[in-house]
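Here is a short report for a reader new to this structure. Have the sequence and the model in view while reading.

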Amino acid sequence: MEKNRILLVDNHRMVLAGLKQMLDRVPDFEVSGEALDGRQALHLMSQAPSDVVMMDVAMKGLNGIEATRRIKRCFPQSRVIGLSYYGHREIIDRMFHAGADGYVIKECAACELIEAVRSVLSGRIHLCPRAAAVMAQKRKPLSDKRCGISSPPPLTSREREVLQCVAEGKSTKEISGILYLSEYTVENHRRNIVRKLKLRNLAELTRYALLQGLTPLMY
């Protein structure tokens, strides 16, 4: 029997262990690898692409939204299912805009996750019932009056990476090492982010990053 290869991506080892144990029971599924963040997932995909990637949305390092965008660009035949504890419409929207093929809330039953894998493998879009109910609600404009944001700003992929690092409390020097950029370039990105978002301090930048699903609410 030819098995469908599934890459698991989550920054909690216990979640990875639980997912692997569940999927290993399915005869035609094979867990091809486990990654703790988006960059590790991209590395594993470059070595041997998997058929399906189960992608945690909010992770330190490279978050699931950015990782999904890059995986779908480099490996368009692979399917990506977003996994999250949160069912916020804005985050679901961003995962699908990044190219995700499905979205599942982590509290769902095991059978729902297995159904999600089978759905995306067959070429269908899959939403778990709770996520589907959220998306069926009347759309409201994206806004956060506390941050003065009325619509998503046009941040570049690199700016989103820098913003995530800033929100996670990393210094310019640390960001430089993580992203392989000069400190001067990192500072330029930081200035562009502040200018585009019109936010005044670290607290507002962090709040924005949370609302956009760029960084987890807790580690």
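How exposed is Val-194, by its relative accessible area? Val-194 is partly exposed, because its relative accessible area is 36%.

## About the model

This is a predicted model, in which local features need pLDDT of at least 70, side-chain atom pairs count only at pLDDT 80 or more, and totals for chains, interfaces and linings use all residues. Residues are numbered from 1 along each chain as its sequence is written, and side-chain values use heavy atoms, with hydrogens and water left out.

Helices (H or I, at least four residues) and strands (E, at least two) are DSSP runs, numbered from the N terminus.

## The sheet

Start with the strands. Six of them form an open sheet, in the order S2-S1-S3-S4-S5-S6. The pairing is parallel. Two strands count as paired if DSSP finds at least two bridges between them. S2 and S6 (126-127) stand at the edges with a single partner strand each, so one side of each has no neighbour in the sheet. In general, strands of a sheet pair through backbone hydrogen bonds, either parallel or antiparallel.

Now go pair by pair. S1 (residues 4-9) is joined to S2 (residues 29-35) by six bridges. There, Leu-7 has Gly-33 of S2 as its bridge partner, and Leu-8 has Glu-34. S1 also pairs with S3 (residues 52-56), in the parallel sense, over four bridges. Here the partner of Leu-7 is Val-53 of S3, and that of Val-9 is Met-55.

Val-52 is partnered with Arg-79 in S4.

## Crossovers

Two β-α-β units are right-handed. One is made of S1, helix H1 (residues 13-23) and S2. Another is made of S3, H3 and S4. Right-handed here means that, with the strands pointing away from the viewer, the path from the first strand over the helix to the second runs clockwise.

Look at S3. Five of its five residues are buried. Val-52, Met-54 and Asp-56 point one way, while Val-53 and Met-55 point the other way. In a regular strand the side chains alternate between the two faces of the sheet.

The largest nonpolar core has 31 residues. A nonpolar core is a set of buried Ala, Val, Leu, Ile, Met, Phe, Trp, Tyr and Cys residues joined through side-chain atoms within 4.5 Å. Ile-6, Leu-8, Leu-23, Met-54 and Tyr-103 touch the most other members. H1 gives the most to this core, with five residues. Another core lies apart from it and has 17 residues, among them Val-166, Ile-193, Tyr-208 and Ala-209. In soluble globular proteins, nonpolar side chains tend to be buried together.

## Helix packing

How do the helices cross? The axes of H2 (residues 38-47) and H3 (residues 64-74) come within 9 Å and cross at roughly 15°. That makes H2 roughly parallel to H3. Axes are lines fitted to C-alpha atoms, for helices over the stretch in contact, and angles run from 0 to 180 degrees between N-to-C directions. Angles under 35 degrees count as roughly parallel, over 145 as roughly antiparallel, 65 to 115 as roughly perpendicular and the rest as oblique.

H3 also packs against H7 (residues 157-167), at an angle of about 150° and with the axes 11 Å apart. That makes H3 roughly antiparallel to H7. H3 passes H7 in a left-handed crossing, whereas H2 and H3 cross in the right-handed sense. A crossing is left-handed if the near helix is turned anticlockwise from the far one by less than a right angle, and right-handed if clockwise.

Leu-179 belongs to H8 (residues 172-179). Leu-179 counts as buried because its relative accessibility is 4%. Its C-alpha atom is 8.2 Å from that of Glu-161, 18 residues apart along the chain.

Val-194, from the opening question, is found in H9 (residues 183-197). Val-194 and Leu-163 are 31 residues apart in sequence and 9.5 Å apart in space, C-alpha to C-alpha.

Definitions and conventions:
Buried means under 20% relative accessible area, exposed over 50%, partly exposed in between (1.4 Å probe, protein chains only).
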